Amino acid sequence: MVENVVHEERMSNLHYLLQLCAKTRSSVGGRACHAQIIRVGWEMDVLTSNMLINLYSKCSLVDSARKKFNEMPVKSLVSWNTMIGALTQNDEDQEEALTLLIQMQREGTPFNEFTISSVLCKCAFKCAILECMQLHAFSIKAAIDSNCFVGTALLHVYAKCSSIKYASQIFDSMPERNAVTWSSMMAGYVQNGFHEETLLLFHNAQLMGLEQDPFMISSAVSACAGLATLVEGKQLHAISHKSGSGSNIYVSSSLIDMYAKCGCIREAYLVFQGVMEVRSIVLWNAMISGFARHAYAPEAMVLFEKMQQRGFFPDEVTYVSVLNACSHMGLYEEGQKYFDLMVRQHKLSPSVLHYSCMVDILGRAGLVHKAYELIERMPFYATSSMWGSLLASCRVYGNIELAEIAANHLFEMEPNNAGNHILLANVYAANKKWDEVARARKLLRENDLKKERGTSWIEIRNKIHSFTVGERNHPQMDEIYAKLDDLVVELKKLNYKVDTDNDLHDVEESRKQMLLRHHSEKLAITFGLMCLPSGIPIRIMKNLRICGDCHIFMKLMSKFTSREIIVRDTNRFHHFKDGFCSCREFW
DNA sequence: TTAGGGTTAG
């Protein structure tokens, strides 16, 4: 009797120690516990063995966990689940976790909700949708699909595999959801580009009284970055401070990105300064990418040096960002230097994205033949963006031969993209090849190809106002057009002349001028001037590249109104101030 | 004693 009490007490002390070591991930303590277990002859005890497997798993000692598991003469369901968990949490092979699941069933141990949610974790990592569907079917059959962990893991995998419809169906049908379920669904939406749905879910979670944890906040901030909604982004920034998530690296990096994508590079840098001491390369990458987006190449390069002085090694993302910065400012030599540094010093393999940046850098620098050679010799198939970049460069530098090669590739890859036909026609027009221009126009008409309609939007007091070229639907349209007419009169006094050179609309000159005058960004800036108090910058987003005429218009407008104007087009940001643009005419 | 979630490129 006394012996039993002593035995149980010792056992419980040892179990407590095992738990402590697992919690603190102490492998030294864990090994000492294991030695003690062998000394007292408890290595066959199932509970003790399970705890040892768990401990080794938490210490990332998967081989030791596997050895212990294989040595067990009798295994419980928890033994199998813990071993599967060890494999899924330690980046081990997905196949092994699945094999164990099959093996445990063969050996007569039915799986439970713990088993399925663990194995699903691995499917998410590998984007294995077929396996996920099978596990989904298994869980329905075993009546565990309504379990919160299983449901959350399932929706996470479906979202990771881009099956957002399945993910949201599971979310809607779950009888019980917790914070992890909500944040998984938000992450699923934002990663698949469903930004509005992400924010809607975030608001619903708020209404449900759920605590705003950093997981939810980082997804919601990313959604604001995607939508470029500054007001809501700022509100989330305040929420992150209030809820104690302000210094969380995921929240901080998404805030840096959000501010940069909303045109507020200074605010992005302020967030970065507050967290730059935290050891995370993502924070540096987010800031460098922000500078690149705004064509602040010198700042991006300084930060690139600074990060290395602080002991960070640039990774693939860092290099995409610095190369982009070089591309936006036409810095060919610097771009080449970074590309070589990436390969030689940091031993990184350039991806298709890095080659894409280099094609852009070479083309923009006028080295279109070198750009083409690079496309020909790189170890990847060229993407449509590469051919598009080459075609755009050929237009600027008047190379018809290469323009036709690039265009033919694009026509094959994107047969319905009218922009490519227009770009080629513009190359012919610039070289006065009027027969070819006519042929390209005919092709556009015959195939009924239409260019994406230019749309610009501006956020005024938490409301997005959107304008398309020649907009008629906005309630204040008459006032906007009248104000725009007045502004054009004023700008003409500053030598503004409508530039129709780069416009290929199949219309006469006077109509061309009218269409240009009513480009969406001009309507948005006029509305911004009408609504926003003087002194604060005006931020406009556009779905296409800003045209040459609008670029001149914005420069003069910034001078005439003494306002800072920030325009985001598909490519980058333009900061207009005192009659100049930050891009220095390079875009 | 065992399970599920987030950030930066494009």
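Guide: A residue is called buried when its relative accessible area is under 20%, exposed when over 50% and partly exposed in between (1.4 Å probe, protein chains only). This is a predicted model in which local features need pLDDT of at least 70 and side-chain atom pairs 80 or more, while totals for chains, interfaces and linings use all residues. Residues are numbered from 1 along each chain as written, chains are lettered from A and ligands numbered from 1 in written order, and side-chain values use heavy atoms, without hydrogens or water.

Visitor: How many aromatic pairs does a search of the whole structure find?

Guide: A pair of aromatic rings is described by the distance of the centres and the angle of the planes. Phe, Tyr and Trp (six-membered ring) pair with centres within 6.5 Å, as stacked under 30 degrees, edge-to-face over 60 and tilted otherwise; the search finds 17 such pairs. The rings of F171 and W182, with centres 5.2 Å apart and planes at 90°, are edge-to-face. F171 belongs to helix α10 (residues 164-173) and W182 to helix α11 (residues 179-191), so the pair ties together parts 11 residues apart in sequence; a helix is a DSSP run of H or I, at least four residues, numbered from the N terminus.

Visitor: Are W182 and F304 buried or exposed?

Guide: W182 is buried, with a relative accessible area of 5%, and F304 is buried, as is Y319. F304 and Y319 form an edge-to-face pair, 5.4 Å centre to centre with 65° between the planes, which links helix α18 (residues 297-309) to helix α19 (residues 316-329).

Visitor: Which residues form one aromatic cluster?

Guide: Y269, F272, W284, F291, Y296 and F312 form one cluster.

Notes: Helix = DSSP H or I, 4+ residues; strand = E, 2+ residues; numbered from the N terminus.
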